[in-house]
Amino acid sequence: MAPLSDDHRAIYQAFLDQAALDSSLTAWLAKLPEQLAQGLDRQRHGDLSAWEKAVAKLPTLPTERRVDLNSDTVTVDLELSDSQQRQCFNLLRKLAPWRKGPFQLGGIHIDTEWRSDWKWQRVAPHLAPLKYRKVLDVGGGSGYHAWRMAGAGAAFVLVIDPSPRFYWQFQAVRHFIGDADGGRTQFLPVGIEDVPENLGFFDTVFSMGVLYHRPAPLEHLQQLKAALAPGGELVLETLVVEGDEQTVFVPGERYAAMPNVYFLPSSKALCHWLERCGFINIRVVDEALTTLEEQRSTEWMTYQSLADFLDPEDRSRTIEGYPAPRRAVILANKPGLSRLY
Ligand SMILES: Nc1ncnc2c1ncn2[C@@H]1O[C@H](C[S@+](CC[C@H]([NH3+])C(=O)[O-])CC(=O)[O-])[C@@H](O)[C@H]1O
């Protein structure tokens, strides 16, 4: 077994607690130390040591704090001296670009590239209540949505995302939140391909903003289904195009300047794919164009953003001449009787 650092011990313990309740997790538990060691291997990610150090340098915070995971801005109110606040600000800045949020931590407002709260507003009203549910957020970024899921009462929320920057952003936010969530929210720096097969564990699985990055989208849907418990709910959010059941668009090298974008189906085609993968109760609950207010450059993400990736003459097209980003939210269930009913 690979040695566990202090940071990882909490994740391992959270898994142990869950595994005691459900034996399907034990297969993952055995692989966990190796996966953690690899996901955070300093040799593989140049800036990792700097991010790790920035989080380690965050000052010890007063235990008296008010944590709100249920508002659009994930908020931790606590009294910081001016110098402590300046120190925190500078350390949090070292983890930039901050893409997914917003957060308000000890009076510091992290205005992220994405208004991830707007996505949550489109998704949350349609979900089976998250209370008591074990939740997996695949490609969960900084963990913004995971904190909102914990705020909605989920019993256990696991973010998986192979980006070590996001891992350290999550740990920075965790430093402020402390154990206000009862340790129910955890982050593993791994990809969906590292999740053991046929886990059948989670009551809700989210895949938001991930499917279009997968070269084998049906395989991705099958992996999500395999992670779900019988009767569990899939929440799929992805880029789509307009069209019928057979419409699928595959862009060239880049789409809105993003590399690694593969399949953009219509939402009708996506429903068809889900049906082919054996999901039931499939419904499109939202479809909307991404606005320039939802994704933009900020002080915390100073690089180019959506406005630079759309045709300046015709905002309905990307700079490559493709249809501008449109996103759908689709819910579906894995067949079977849920333990929650
Ligand atoms: N193999 C993989 N397995 C899991 N995650 C992956 C993988 N490859 C990349 N990712 C992760 O998927 C996330 C996609 S971003 C959506 C964030 C959030 N969900 C949102 O809805 O705002 C969308 C975007 O920025 O294009 C990134 O954090 C990747 O690191």
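Trainee: What is the mean pLDDT of the protein chain, and what share of its residues reach 70 or more?

Mentor: This is a predicted model. The mean pLDDT of the protein chain is 94, and 98% of its residues reach 70 or more.

Trainee: Why is Phe103 called buried?

Mentor: Its relative accessible area is 0%. Buried means under 20%, so Phe103 counts as buried. Tyr144, at 1% relative accessibility, also counts as buried.

Trainee: What makes Phe103 and Tyr144 an aromatic pair, and why is the pair called edge-to-face?

Mentor: The ring centres are 5.9 Å apart, and the cut-off for a pair is 6.5 Å. The planes stand at 75°, and planes over 60 degrees apart count as edge-to-face. Phe103 is in strand β4 and Tyr144 in helix α6, 41 residues apart.

Trainee: Why is the pair of Phe170 and Phe187 called tilted?

Mentor: The planes of Phe170 and Phe187 are at 45°. Stacked needs under 30 degrees and edge-to-face over 60, so 45° makes this pair tilted. The centres are 5.3 Å apart. Phe170 belongs to helix α7 and Phe187 to strand β9.

Trainee: How do you know that Lys134 lies over the face of Phe201?

Mentor: Lys134 is 4.0 Å from the ring centre of Phe201, and the distance limit is 6 Å. Lys119 lies over the face of Trp114 at 5.8 Å from the ring centre.

Trainee: Which residues touch the most other members of the largest nonpolar core?

Mentor: That core has 89 residues, and those touching the most other members are Phe15, Trp28, Ile160, Leu188, Phe202 and Phe206. Helix α7 gives the most to this core, with eight residues.

How values were computed
Residues numbered from 1 in each chain as written. Predicted model: local features only at pLDDT ≥ 70, side-chain atom pairs only at ≥ 80, totals over all residues. Heavy atoms only, no water. Core = buried A, V, L, I, M, F, W, Y, C linked by side-chain atoms within 4.5 Å. Buried < 20%, exposed > 50% of the residue type's maximum accessible area, 1.4 Å probe, protein only. Helix = DSSP H or I, 4+ residues; strand = E, 2+ residues; numbered from the N terminus. pLDDT = per-residue confidence, 0-100. Phe/Tyr/Trp six-rings, centres within 6.5 Å; stacked < 30°, edge-to-face > 60°. Lys NZ or Arg CZ within 6 Å of the ring centre and 35° of its normal.
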